[in-house]
There are 2 protein chains.
Amino acid sequence: MSEFTVGIVLFEGAEELDWAGPWEVFTMAAMGRDDLAVVTIAQTAEPVRCAKGLRVLPDHSFEDCPKLDLVLVPGGQGSRSEAKNEIFLQWLGEVAPQCQWVTSVCTGSLLLHAAGLVAGKRITTHWAYVPTLRELADEAEVLEKVRYVCDGNLVTAAGVSAGIDMSLWLVGQIFCVERARETQRFMEYDPEPPYGAEV
Amino acid sequence: MSEFTVGIVLFEGAEELDWAGPWEVFTMAAMGRDDLAVVTIAQTAEPVRCAKGLRVLPDHSFEDCPKLDLVLVPGGQGSRSEAKNEIFLQWLGEVAPQCQWVTSVCTGSLLLHAAGLVAGKRITTHWAYVPTLRELADEAEVLEKVRYVCDGNLVTAAGVSAGIDMSLWLVGQIFCVERARETQRFMEYDPEPPYGAEV
């Protein structure tokens, strides 16, 4: 197959693991192969300061972004101002219809809503933002207590770490399940939360 | 309590999730509190290019690094050359004895070995590097099929994603279990690998 390009969007205040988890999954799935490229994209080429202060240099700006097959929008504190950023919303609104897969992690689904991409779709978000998303996005059905929701080519994940599960699932759908399992094995993703789940 | 400072070491070729997982855990545990600081540290202030190509600007160089209470050393392809980097090994050898906790993720334990920090200790690493570490670090006991190993104040995690579990466990030890569970809840860390474990 020709090269499949995953574009991970960065913006000021994007939550680090929202995008770094999927980055690890897709770049690990790309190891030793030439059919998958993974790039970060931000509005400009300047360093991006994430939600917890990590500073990252994006691979591309909106202007020199390659054609994407999958776009991933993270969430985080910064999604509040990004939801009012017309330049970002216009870019996303133009890029998403050209992608095979349109995806988000955490409150990234609020940005998909702001860009007009969730009408009639089943979607999800971080558990703490389910009421907010329900109020904002009455054109969509907001599910809760799920790791990720796939509706057509739109896949939205729950909070932060759920992007890892979603991305592994996507590797299985884009390529094959065996490749997703291999990726999981090299990430040693056999999670054992140490103190059990909070009740 | 006075401020507890976590220092996450970055170097060329460090595996992204090895350090980004712990970064998310510790910075999430620090949210809305003033008793925990998390910083990234590299040899110089220049951008660091990680194993899969992500470029990060470190918060501190070795020269202006604050006093650390916990040092975390990631692994990745870059650990091979870092194990021969005398400047790094000398810095780590000086900093580690002043820390309450000395930790690694993935092949970061090979760097703890190279800095002379694992003699007589039980340690672990990424499953694929267990034989290598056993051969190199015959002064230590290398365990396998564990997410992380704590021996005194030395805590070493298995590959890549295991750093998340280790860091949550450390939050519970440094502060309290309830705070670790709260951190886990805000990260929505109820992992569900999508295709089951590889057999």
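A disulfide is a pair of cysteine sulfur atoms within 2.5 Å. This predicted structure holds 0 disulfides over all chains. A:Cys65 is in no disulfide, and the nearest cysteine sulfur, that of A:Cys99, is 8.4 Å away. B:Cys176 is in no disulfide either; the nearest cysteine sulfur belongs to B:Cys150, 18 Å away.

The model is predicted: local features need pLDDT of at least 70, and side-chain atom pairs count only at pLDDT 80 or more, while totals for chains, interfaces and linings use all residues. Residues are numbered from 1 along each chain as its sequence is written, chains are lettered from A and ligands numbered from 1 in the order in which they are written, and side-chain values use heavy atoms, with hydrogens and water left out.

**Where the chains meet**

Contact means heavy atoms within 4.5 Å. Chain A gives 57 residues to the contact, and chain B gives 57 residues. The area buried between the two chains is about 5,000 Å². That is the accessible area (1.4 Å probe) that two parts lose on being put together, summed over both. Carbon and sulfur atoms give 58% of this area.

The interface of chain A and chain B has 2 salt bridges. A salt bridge is a side-chain nitrogen of Lys or Arg within 4 Å of a carboxyl oxygen of Asp or Glu. B:Glu24 forms one with A:Lys52, and their closest N and O atoms are 3.5 Å apart.

Now look at the side of chain A that touches chain B. The elements giving two or more residues to this side are α1 (16–30), β4 (55–57), α6 (162–174) and α7 (177–186) of chain A. Helices (H or I, at least four residues) and strands (E, at least two) are DSSP runs, numbered from the N terminus. α1(A) gives the most, with 9 residues.

Most residues other than glycine have a negative phi, and most peptide bonds are trans. A:Cys106 has a positive phi although it is not a glycine. A:Cys106 sits in the loop between β7 (101–104) and α4 (108–114) of chain A. A:Glu188 also has a positive phi without being a glycine. A:Glu188 lies in the segment after α7 of chain A.

Buried means under 20% relative accessible area, exposed over 50%, partly exposed in between (1.4 Å probe, protein chains only).

| Residue | Phi | Relative accessible area |
|---|---|---|
| A:Cys106 | about 60 degrees | 5%, buried |
| A:Glu188 | about 50 degrees | 9%, buried |

B:Cys176, with a relative accessible area of 36%, is partly exposed.
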